[in-house]
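Hello,

Please find the structure below. My notes on it follow.

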Amino acid sequence: MPTYERETTVRSPFEDVWAFHSQISGLEGLTPDWMNLRVERVIGPDGEPDPNVLEPGSEIALSMRPFGVGPRQHWTSVITAREREDGSAYFRDEMVHGPFDRWEHTHSFYADGRRTRLRDRVTYELPLGGLGDAIGPLSNLGFEAMFRARHRLAKARLE
């Protein structure tokens with residue numbers, strides 16, 4: 001299965017970076033404007049709308065319209081894991097409805113003194129079977145633009 005990874009160091013304490021990424025406002029703050037993100041609905045694991053922290057079982061429904069072109073793409077993800085240890089943490093979201101046949105995104109955080117290393121790892125399967133496999137290498141261009149922007153925004157918001 002194809003994988004994309006990107007890592008960045010942010011000059012901000014682990015606690016601040018972890019707290020920022022643990023809320024829906026973190027997703028909104030890190031999504032570049034050109035994606036035209038709209039968060040449609042966030043439901044916590046207990047069914048409560050708009051939870052303060054994205055815990056396992058939280059469901060996020062959103063839509064995007066990159067560059068304002070074409071119809072909005074609707075996407076629903078569920079937080080499937082969230083763990084924290086001394087100096088490291090991660091959470092994982094998995095797409096349950098959207099444009100990919102499979103999408104699993106692991107957000108990892110590592111304390112490094114007064115800095116924090118962020119790592120995004122996405123494993124995915126494109127739709128359209130063999131045709132999707134054939135155009136798969138082009139998907140990395142889109143991932144690179146998106147995650148480069150996300151990591152730049154993380155540094156701008158957190159440093």
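A term first: a nonpolar core is a set of buried Ala, Val, Leu, Ile, Met, Phe, Trp, Tyr and Cys residues joined through side-chain atoms within 4.5 Å. Please keep in mind that this is a predicted model.

The largest such core in the protein has 31 residues. The members that touch the most other members are Ile-60, Trp-75, Phe-100, Trp-103, Phe-109, Tyr-124 and Phe-143. Helix α3, which covers residues 129-158, supplies the largest share of this core, with 5 residues. In soluble globular proteins, nonpolar side chains tend to be buried together.

As for the fold, the protein contains 3 helices and 7 strands. Their order along the sequence is β-α-α-β-β-β-β-β-β-α. Among contacts between residues at least 6 apart in sequence, 52% join residues at least 24 apart.

On overall dimensions, the C-alpha trace spans about 45 × 35 × 30 Å along its principal axes. The radius of gyration is 16 Å, which agrees with a compact globule, because a globule of 159 residues would have a value near 15 Å.

The charged side chains number 20 positive and 25 negative, and the centres of the two sets lie 7 Å apart.

Regards

Notes: Residues are numbered from 1 along each chain as its sequence is written. This is a predicted model: local features need pLDDT of at least 70, side-chain atom pairs count only at pLDDT 80 or more; totals for chains, interfaces and linings use all residues. Side-chain values use heavy atoms; hydrogens and water are left out. Helices (H or I, at least four residues) and strands (E, at least two) are DSSP runs, numbered from the N terminus. The radius of gyration is taken over C-alpha atoms; the globule rule is 2.2 Å times the number of residues to the power 0.38. Contact means heavy atoms within 4.5 Å. Lys and Arg count as positive and Asp and Glu as negative; His and the chain ends are not counted. The place of a charge is taken as NZ of Lys, CZ of Arg, CG of Asp or CD of Glu. Buried means under 20% relative accessible area, exposed over 50%, partly exposed in between (1.4 Å probe, protein chains only).
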